[in-house]
Amino acid sequence: MTTDSLPARTDVRPQPSRSEPPARRPLLARLRPGAGRQHHAGPVTYLLLTVAALFSLFPLYWTMVAASTDNTRVSQTPPPFLPGPHLLENLGKAWQDAALGKAMINSLVVAGVIALSTVLFATLAGFAFAKLRFKGRNILLMLVIGTMMVPPQLGVVPLFMMMTELGWGQKLPAVIFPTLVSAVGVFFMRQYFTEALPDELVEAGRVDGAHSLRIFWSIVLPIARPPMAVLFMITFVHAWNDFFWPFIVLDMTNPTVPVALTQLSAGYIRDQSLIMAGALLGTLPLLAMFVVFGRQIVGGIMQGAVKG
Amino acid sequence: MATSLPTTRTGERERSRRRRRTLLHRLDLRGAPYAFITPFFVVFAAFSFYPLVYTAWISLHRVELATMNVMEWVAFDNYTALWQDERFWNALLNTLTLGALSTVPQLLIALGLAHLLNYRLRGSTFFRVAAITPYATSVGAAALVFTMLFERDFGMINWMLSLVGVDNIDWENNKWAAQAAISTIVIWRWTGYNALLYLAAMQAVPRERYEAAAIDGASRWQQFISVTVPGIRSTIVFTIVLSTIGATQLFGEPLIFGQGPMGVTGGADNQYQTLGLLLYEEGWKNYQMGRAATVAWVMFLLLILVFVVQRVVKRLASRRASSVRTS
């Protein structure tokens with residue numbers, strides 16, 4: 001087995017980092033566009049890629065179109081292709097009807113806290129697994145990888161009982177606590193440290209008499225900022241979009257955005273353009289993030305197969 | 001004397017400080033790694049592992065939503081009831097068909113897309129970001145939008161089909177049409193993501209292999225089949241596993257498609273009710289938590305089955321590969 005596939009290294013036995021072959025090309029070099037094959041794209045390639053991009057973007061564009069017309073225009077054939085004049089008005093109405101203000105704040109809190117804690121704990125554990133020596137390290141790492149394969153959704157019944165017992169039913173901690181850590185995150189950070197943090201730096205810190213937390217704080221954290229940012233964004237996206245468990249444990253008086261969106265088609269509002277306006281509002285924060293940080297998110301996904 | 005006293009004192013203090021420091025140092029070296037990984041394992045144990053195990057225990061009881069602390073032992077009654085329940089077999093079958101309909105095209109398209117993205121491109125960043133933009137859309141929003149696009153009377157998709165002479169399709173009530181529509185949502189959201197995983201793997205395939213194949217006279221297509229695909233095989237396996245896990249958990253898309261949050265039945269005739277929806281219906285609509293736990297545990301067994309099958313296939317494949325190599 002060669003290391004021909006970055007993301008799928010789940011089946012690679014954890015090796016002591018010192019035996020890592022020094023001649024390996026750095027991660028970023030391998031991810032540069034066109035690093036593998038150098039064929040130039042022909043017109044057919046561009047055509048196909050444009051079609052693919054259209055498929056990706058059209059539903060979102062059309063959401064905007066539908067959100068900017070009114071109910072009667074949406075339900076005519078042929079359907080509208082160009083934006084109408086009612087966008088702001090519809091956005092405002094949807095915002096109120098689906099109580100999106102509260103949902104936005106809730107989602108921001110939930111996704112923010114989850115992303116922060118995932119990044120912190122993943123960086124700590126990833127660093128320990130990559131650069132510290134301790135008994136049982138390999139077995140514990142295998143355990144982390146094994147936990148990736150267990151979907152947390154399967155525990156919802158006891159989880160629901162637990163949260164009710166704790167008095168957290170319908171409250172945000174019920175959504176936050178179960179996802180404070182992520183195995184994929186730990187693995188992702190470990191990969192980064194194994195490849196990008198030289199042992200000498202850690203050793204130098206030891207020689208200077210720094211304790212582990214100190215080394216972590218002043219040597220590891222500054223180096224790990226880029227992957228931490230990527231992990232933060234990807235975790236944020238997942239936490240923001242998480243649906244099954246929040247839908248079960250929260251109710252409409254205190255929802256996250258995806259939960260509040262289900263309200264839109266629940267019969268409260270039959271106005272189709274309002275439904276689309278709500279869908280658009282709920283997606284806008286992440287879309288904005290993708291517009292600004294798209295390149296970094298792409299790089300992050302390609303580096304680590306972070307799928308929650 | 002007045003001057004020497006402080007110096008011996010500081011000397012002593014220095015020594016004990018150093019002793020304490022080496023002790024602390026050793027403690028730090030031994031203990032810190034465990035301290036660093038503890039948060040992960042504590043949270044995982046409390047909120048993932050324990051619930052999973054406890055699910056099995058609950059599934060052997062009769063527990064109602066309103067009185068969750070009253071657990072009545074019923075042994076395997078929930079399992080036999082489930083076995084005899086038509087809805088279960090229907091949901092199981094739907095989960096499998098929806099899983100196949102959403103996973104297979106998704107990964108095939110992703111493979112093709114990754115191949116295209118792997119060319120030297122102008123605007124490669126744009127194409128990549130465009131490919132994963134759907135991934136930024138939550139299930140809720142995506143399902144709402146596609147419900148509109150698949151609307152029977154005025155939906156965009158039926159309108160386009162009408163242009164090529166296809167009659168209006170009832171995307172919600174026709175079983176296979178509904179499953180195709182729901183699969184489309186899944187495919188739309190995840191294809192670009194998988195394409196990026198494949199792209200990353202493709203870029204790590206050594207260029208020499210392509211050169212060698214080209215010297216052997218392999219066409220582009222032959223190179224793709226004989227160099228690219230084997231070169232990224234473990235990534236393909238990885239995405240198959242992840243997509244399969246995702247498919248067995250399918251919930252939001254069939255829930256919201258067509259009916260909104262009341263859609264736990266998965267269509268008027270359960271034509272697209274998945275195991276995830278059945279779990280929710282048993283627990284939070286019929287108030288039978290024991291039954292819900294049973295469905296969850298069956299889903300877990302299903303996953304284990306998938307892993308075993310995958311292992312066996314992988315082993316067979318590698319055995320075949322090695323026998324080919326040695327022959």
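**Figure 1. The two domains of chain B.** In this predicted model, chain B is divided into domain 1, which covers residues 4-58, and domain 2, which covers residues 80-326. Taken over C-alpha atoms, the centres of domain 1 of chain B and domain 2 of chain B are separated by 44 Å.

**Figure 2. Secondary structure and overall dimensions of chain B.** Chain B contains 13 helices and two strands. Its radius of gyration is 28 Å, well over the 20 Å that the globule rule gives for 327 residues, and chain B is therefore more spread out than a compact globule. Along the principal axes, the C-alpha atoms of chain B fill a box of roughly 110 × 70 × 50 Å.

**Figure 3. Burial and contacts within chain B.** Of the 327 residues in chain B, 45% are buried.

**Figure 4. Packing of helix α3 of chain B with helix α12 of chain B.** Helix α3 of chain B, formed by residues 86-117, packs with helix α12 of chain B, formed by residues 275-285, at an angle of about 145°, and the axes of the two helices are 8 Å apart. On the α3(B) side the contact involves R87(B), F88(B), A91(B), L92(B) and T95(B), which meet L275(B), L277(B) and L278(B) in α12(B).

How values were computed:
Residues are numbered from 1 along each chain as its sequence is written. Chains are lettered from A and ligands numbered from 1 in the order in which they are written. This is a predicted model: local features need pLDDT of at least 70, side-chain atom pairs count only at pLDDT 80 or more; totals for chains, interfaces and linings use all residues. Axes are lines fitted to C-alpha atoms, for helices over the stretch in contact, and angles run from 0 to 180 degrees between N-to-C directions. Helices (H or I, at least four residues) and strands (E, at least two) are DSSP runs, numbered from the N terminus. Two residues are in contact if their C-beta atoms, placed from the backbone, lie within 7 Å. Domain bounds come from an automatic or database domain assignment. The radius of gyration is taken over C-alpha atoms; the globule rule is 2.2 Å times the number of residues to the power 0.38. A residue is buried if 20 or more other C-beta atoms lie within 10 Å of its own, exposed if 12 or fewer, and partly exposed in between; C-beta atoms are placed from the backbone.
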